[in-house]
Amino acid sequence: MAAVYVFGGIMAILIAAVIFAPLLEGRWREGMDGASAAGRKEAALAALRELEFEYQTDKVSEEDYATLRNRYAREALAARDELGETVQQGSCPACGAATKEGAGFCSSCGGALA
Ligand SMILES: [Zn+2]
């Protein structure tokens, strides 16, 4: 009979995860929308640095890393656009750091370079 309780427990956790994950995501988005462009840029860059660290320490999969990095880089870029910061040739569109010619990714924040 114990198996029934284990199964029930697992189901409850799965259901809770399905219900709460979008709520948490939504709260994050709301916080982002309420923040100033400068605040959102800082938050996105902080998230990029955090993600980079987690990736280096094998806490996120390659796939999650790529997805999240693109999302945060887009967020940072949108905030920079709003701030009227121009993206200069030879600089990262997300964080503005100088980039090496022909580099695929920013060495500062890890964002993809066009
Ligand atoms: Zn960068």
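Figure 1. The chain holds three helices and zero strands, and its elements run α-α-α from the N terminus on.

**Figure 2. Confidence along the chain.** The average pLDDT of the protein chain is 80, and 75% of the residues score at least 70. Among the elements, helix 2 has the highest mean pLDDT, at 92, while helix 1 (residues 2-34) has the lowest, at 63. Where pLDDT is low, the predicted coordinates should not be read in detail.

**Figure 3. Helix 2 and its buried face.** Take a look at helix 2, which covers residues 37-56. Its 20 residues reach 28 Å from the first C-alpha to the last, close to the 28 Å expected at 1.5 Å a residue. The buried residues here are Arg40, Lys41, Ala44, Leu45, Leu48 and Leu51. Seen down the helix axis, these buried residues fall within an arc of 135°, so they line one face of helix 2.

**Figure 4. Asp58, in the loop after helix 2.** Helix 2 is followed by Asp58, which sits in the loop between helix 2 and helix 3. The phi of Asp58 is near 60°, a positive value in a residue other than glycine. Is Asp58 buried or exposed? Asp58 counts as exposed because it has 7 other C-beta atoms within 10 Å, and the exposed class takes residues with 12 or fewer.

Figure 5. Helix 3 has 22 residues, which should span 32 Å at 1.5 Å a residue; its end C-alpha atoms are 31 Å apart, which agrees. Its buried residues are Arg69, Tyr72, Ala73, Ala76, Ala79 and Arg80. They cover an arc of only 125° around the axis, which puts them on the same side of helix 3. What do these buried residues pack against? Their partner is helix 2. The face turned away from the buried side carries the exposed residues Glu63 and Thr67. Just after helix 3 comes Gly84, with a positive phi of about 75°.

Figure 6. Asp64 has its place in helix 3, which covers residues 62-83. With 13 C-beta neighbours inside 10 Å, Asp64 counts as partly exposed. Asp64 and Leu51 are 13 residues apart in sequence, and their C-alpha atoms are 9.6 Å apart in space. Leu77 is also found in helix 3, and is partly exposed, with 19 other C-beta atoms within 10 Å. A residue needs 20 or more to count as buried. Leaving aside neighbours within four places in sequence, Leu77 is in contact with Pro93 and Ala94. Leu77 and Leu45 are 32 residues apart in sequence and 9.9 Å apart in space, C-alpha to C-alpha.

**Figure 7. The largest nonpolar core.** Which residues touch the most other members of this core? Of its 13 residues, they are Leu48, Ala76, Ala94, Cys95 and Cys109. Helix 2 and helix 3 are the elements that give two or more residues to the core. As a general background, nonpolar side chains tend to be buried together in soluble globular proteins.

**Figure 8. Cys95 and Ser108, two residues in contact.** Not counting residues up to four places away in sequence, Cys95 touches Leu45, Ala76, Cys106, Ser108, Cys109 and Gly111. Ser108 has its place in the segment after helix 3. Ser108 counts as partly exposed, with 18 C-beta neighbours inside 10 Å. Ser108 and Leu45 are 63 residues apart in sequence and 9.8 Å apart in space, C-alpha to C-alpha.

Terms used: Residues numbered from 1 in each chain as written. Helix = DSSP H or I, 4+ residues; strand = E, 2+ residues; numbered from the N terminus. Expected span 1.5 Å × (residues − 1). Arc of directions from axis to C-beta. Core = buried A, V, L, I, M, F, W, Y, C linked by C-beta atoms within 7 Å. Contact = placed C-beta atoms within 7 Å. pLDDT = per-residue confidence, 0-100.
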